[in-house]
Amino acid sequence: GPRACRRAGRCAGGSASQLATPCSAGSYAEGSNNPTCIPCAAGTFQDQVGQTECRNATPGHAVPVAGQPQQTQCSTGLFNTNAGSSQCTKCDIHDTFYTTSGAGSTECDACLESRYYDATNPDPLKCVPCDNETMVCDQTGVSLQNLFVRQGFWRLNPDSAKVEECPMGERACPGGRASPGASGSTGASSTKSVSAGASGTTSGA
């Protein structure tokens, strides 16, 4: 019991000897004869009681203050590549148009509207300005693979950034992801998506 633990001067690992009770989540006690529980440092956490060490925050997460039982996901627009971090980093370290595809990201893998993301380019050139005359980049998260072209234009495949005027007239190229002369649901659904137009600019940043 607690009294025996105090008399002997030793307690089980993860417990404080003066209390003889397991350390709470967010703290730890090294070894088996520590007088107090120690709060986990910023960048680390412990989600279980009675532990002898804390866990590092995983990439895509951070622990901003000491004594935490949980890690926190990096918010959209922030990222973290390292374990054991106390804060996430803004994507604008690369360029003002960089962001993330969601929370908990380990890289800046998306662009804000008016740009599309091309993973084949080196940083800080992955966020490429859209040509508003031929492309639709009116929302965050457009990539080269899901880039829509406007009606009257086409591109060879999803990995091609080269957009050309339709050689067979505007009706043959409905826009979206369709190739010239394509028929079926791809063209029909794409037409709806491109009708809103793009709100971004073509000027470089």
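## Largest pocket

The largest pocket has a volume of about 160 Å³. Of the ten residues lining this pocket, Asp138, Gln139, Val142, Asn146 and Phe148 are the closest to its centre. The lining as a whole divides into four nonpolar, four polar and two charged residues. In this classification Ala, Val, Leu, Ile, Met, Phe, Trp, Tyr, Cys and Pro are nonpolar, Asp, Glu, Lys and Arg are charged, and the others, Gly among them, are polar.

A pocket is defined on a 1 Å grid over the protein atoms alone as an open set of points with protein on both sides within 12 Å along at least five of seven lines; a cavity is a set of points where a 1.4 Å probe fits but cannot get out, and lining residues have an atom within 4 Å of a point. Grid points are joined across faces, edges and corners, and the volume is the space filled by probe spheres set on the points.

## Basis of the model

The model is predicted: local features need pLDDT of at least 70, side-chain atom pairs count only at pLDDT 80 or more, and totals for chains, interfaces and linings use all residues. Residues are numbered from 1 along each chain as its sequence is written, and side-chain values use heavy atoms, with hydrogens and water left out.

## Overall organisation

The protein has two helices and 18 strands. Helices (H or I, at least four residues) and strands (E, at least two) are DSSP runs, numbered from the N terminus. Of the 205 residues, 38% count as buried. Buried means under 20% relative accessible area, exposed means over 50%, and partly exposed lies in between (1.4 Å probe, protein chains only).

A contact requires heavy atoms within 4.5 Å. Among contacts with a separation of 6 or more, 36% involve residues 24 or more positions apart.

Gln46 lies in the loop between strand S5 (44-45) and strand S6 (55-56), and its relative accessibility of 3% places it in the buried class. A polar atom of the Gln46 side chain lies 2.8 Å from the backbone oxygen of Glu53. This pair falls under the polar contact rule (N or O atoms within 3.5 Å; within protein, one must be able to donate a hydrogen and the other to accept it, and residues adjacent in sequence count only if both atoms are side-chain atoms). Beyond neighbours within four places in sequence, Gln46 is in contact with several residues, including Ala25, Cys40, Cys54 and Pro69. The C-alpha atoms of Gln46 and Pro69 are separated by 4.9 Å, although the two residues are 23 residues apart along the chain.

Thr100 occupies the loop between strand S11 (98-99) and strand S12 (110-111), and is likewise buried, at 3% relative accessibility. Its side chain reaches the backbone nitrogen of Gly77 at 2.8 Å and the backbone oxygen of Gly102 at 2.9 Å. Outside the four places in sequence on either side, the contacts of Thr100 include Ser75, Phe79, Cys91 and Cys108.

Ser114 has a positive phi of about 85° although it is not a glycine. Most residues other than glycine have a negative phi. Ser114 sits in the loop between S12 and strand S13 (115-117) and is buried, with a relative accessible area of 5%.

Thr134, in the loop between strand S14 (127-129) and strand S15 (135-136), is buried at 7% relative accessibility. Not counting residues up to four places away in sequence, Thr134 touches Phe148, Val149, Arg150, Phe153 and Val163. Arg171, by contrast, is exposed, with a relative accessible area of 82%. Arg171 is found in the loop between strand S18 (164-165) and helix H2 (185-194), and its C-alpha atom is 10.0 Å from that of Phe153, 18 residues apart along the chain.

## Salt bridges

The structure contains two salt bridges, defined by a side-chain nitrogen of Lys or Arg within 4 Å of a carboxyl oxygen of Asp or Glu. One joins the side chains of Arg55 and Asp47 at 3.1 Å, N to O. Arg55 is partly exposed at 40% relative accessibility, and Asp47 is partly exposed at 31%.

The side chains of Lys162 and Glu164 form a salt bridge at 3.9 Å, N to O. Here Lys162 counts as exposed at 56% relative accessibility, whereas Glu164 is partly exposed at 34%.
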